[in-house]
Amino acid sequence: MSRSRPRLSLLTLDSTPESVAGARRHTAQVLQCWQARVELSDAARLVVSELATNAVRARCDPNGFTLSLVLQDGALLVQVGDRDPCPPRPRTAGPDATGGRGLHLVGELSSRWGYYRTPPQGKVVWAELPAAEGSGPGARTTVVDVRLPALPTAPPPVERR
């Protein structure tokens, strides 16, 4: 099994509603430079939009939130970090609700997603999207780290078959 060299993009954005659009634009531009397929770019922009919106709503850090994109070995890892220590919680939204569907959308578009805590307080919410042609989200897995005081410093390793 050959491992390709990872492609990495890191960006820090202000905690303002306008930054969500900036995160989407940045994602589209980076994936275009990496010559990713259009379907991956579309899915990644939606995932980034949902995770960035949640980070902006947290508004726990005057320094904003972070966006990381890593493309390697047929998968795109999207990570959004903020200073809100509260874990992401999918909500049940009624048919007329204007919100509450974001994490469900992330779960549908990604092969797996979860979060890990960052010291001294904060978290990174991550989602893995299949990047290879013809691959799609398989068995969806939500990984939630509720172990305390253990603080992982990265998402779980990607298992390759």
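I began with strand β2 (residues 65-72), which is joined to β3 by seven bridges, the two strands running antiparallel. As this is a predicted model, I read the pairing as a property of the prediction. Looking up Leu71, I found that its bridge partner in β3 is Leu76. I then followed the chain between the strands: β2 and β3 form a hairpin with two residues between them, and Asp73 in that turn has a positive phi of about 50°.

Next I asked which strand β3 is joined to by eight bridges. That partner is β5 (residues 123-130), and here too the run is antiparallel. In this pairing I noted Leu77, which stands opposite Glu128 in β5.

I then turned to the burial of β3 (residues 75-82), where eight of the eight residues are buried, so the strand is largely enclosed by the rest of the structure. In a regular strand the side chains alternate between the two faces of the sheet.

Last, I looked up helix α3 (residues 102-109), whose buried residues are Gly102, Leu103, Val106 and Gly107. Because these cover an arc of only 140° around the axis, they lie on the same side of α3. For what covers the buried residues of α3, I noted that the elements include α2 (38-58), β4 (112-117) and β5.

Terms used. Residues are numbered from 1 along each chain as its sequence is written. This is a predicted model: local features need pLDDT of at least 70, side-chain atom pairs count only at pLDDT 80 or more; totals for chains, interfaces and linings use all residues. Side-chain values use heavy atoms; hydrogens and water are left out. Buried means under 20% relative accessible area, exposed over 50%, partly exposed in between (1.4 Å probe, protein chains only). Helices (H or I, at least four residues) and strands (E, at least two) are DSSP runs, numbered from the N terminus. Two strands pair if DSSP finds at least two bridges between them. The arc is that of the directions from the helix axis to the C-beta atoms. Contact means heavy atoms within 4.5 Å.
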